[in-house]
Amino acid sequence: MAGTGGVIRGRVWCFGDDVSTDALSPGQWAIDPVEVRMTHTLESLDSRFAAQVRPGDLVVGGRNFGCGSSRETAPENLKALGVGCVVAGSFARLFLRNSIGIGLPVLICPGARAGVEDGDHVEVDLAAGTVRNVRTRQVLTGEHLPQEMRAILAAGGILALLRAQGEPVPLAGASG
């Protein structure tokens, strides 16, 4: 599995710098069910994305991907659409942590956006921190994802990992 250090392969969708959580999860649909929210993902940047993205496709962005609010629905929408991994030059800290928390692979790789084009096929190795463009054979080196984060991804997110370890996991919305 990709989260344990395997290679994630997919077709690329390219975006630029400063892709905000507002573009990833527009506020007017933020409280709607995920089946509705995900159909509006990135529509302000590429109106084709939500309808044409396929399971396993990868999103490649520039610097500061996921900036803006700490909207957890931003990575949830990408995961619901089947995005296999998000690669970016840098991530907003909360977007990166929310992504790992729900089991959406991410990789910091400065220069990745310049090294790929829409539709390219790439291979992402989270353990090595590399992105290989199949078309050009160029290998870009980013930051490998630590084993602890890969373990969370392999489990399908932090809640799934805790359940697998036999830890009590509160129900959503429960206080305590």
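L42 sits in the loop between α2 (34–37) and α3 (49–52); helices (H or I, at least four residues) and strands (E, at least two) are DSSP runs, numbered from the N terminus. This is a predicted model, in which local features need pLDDT of at least 70, side-chain atom pairs count only at pLDDT 80 or more, and totals for chains, interfaces and linings use all residues. Residues are numbered from 1 along each chain as its sequence is written, and side-chain values use heavy atoms, with hydrogens and water left out.

Most residues other than glycine have a negative phi. L42, not a glycine, has a positive phi near 60°. L42 is buried, at 0% relative accessible area (buried means under 20%, exposed over 50%, partly exposed in between, with a 1.4 Å probe and protein chains only). D18 is not a glycine either, and its phi is positive, at about 60°. D18 belongs to the loop between β1 (7–14) and α1 (21–24) and is partly exposed, with 48% relative accessibility.

The loop between β2 (58–61) and α4 (73–80) contains G66, which is buried at a relative accessible area of 3%. Leaving aside residues up to four places away in sequence, G66 touches V19, T21, L24, A92 and F95, a contact being heavy atoms within 4.5 Å. From G66 to S90 the C-alpha distance is 9.1 Å, across 24 residues of sequence.

The structure has 0 disulfides, a disulfide being a pair of cysteine sulfur atoms within 2.5 Å. For C67, the nearest cysteine sulfur is that of C14, 18 Å away. C67 is buried at 14% relative accessibility. For C85, the nearest cysteine sulfur belongs to C109, 10 Å away, and C85 is buried at 0%.
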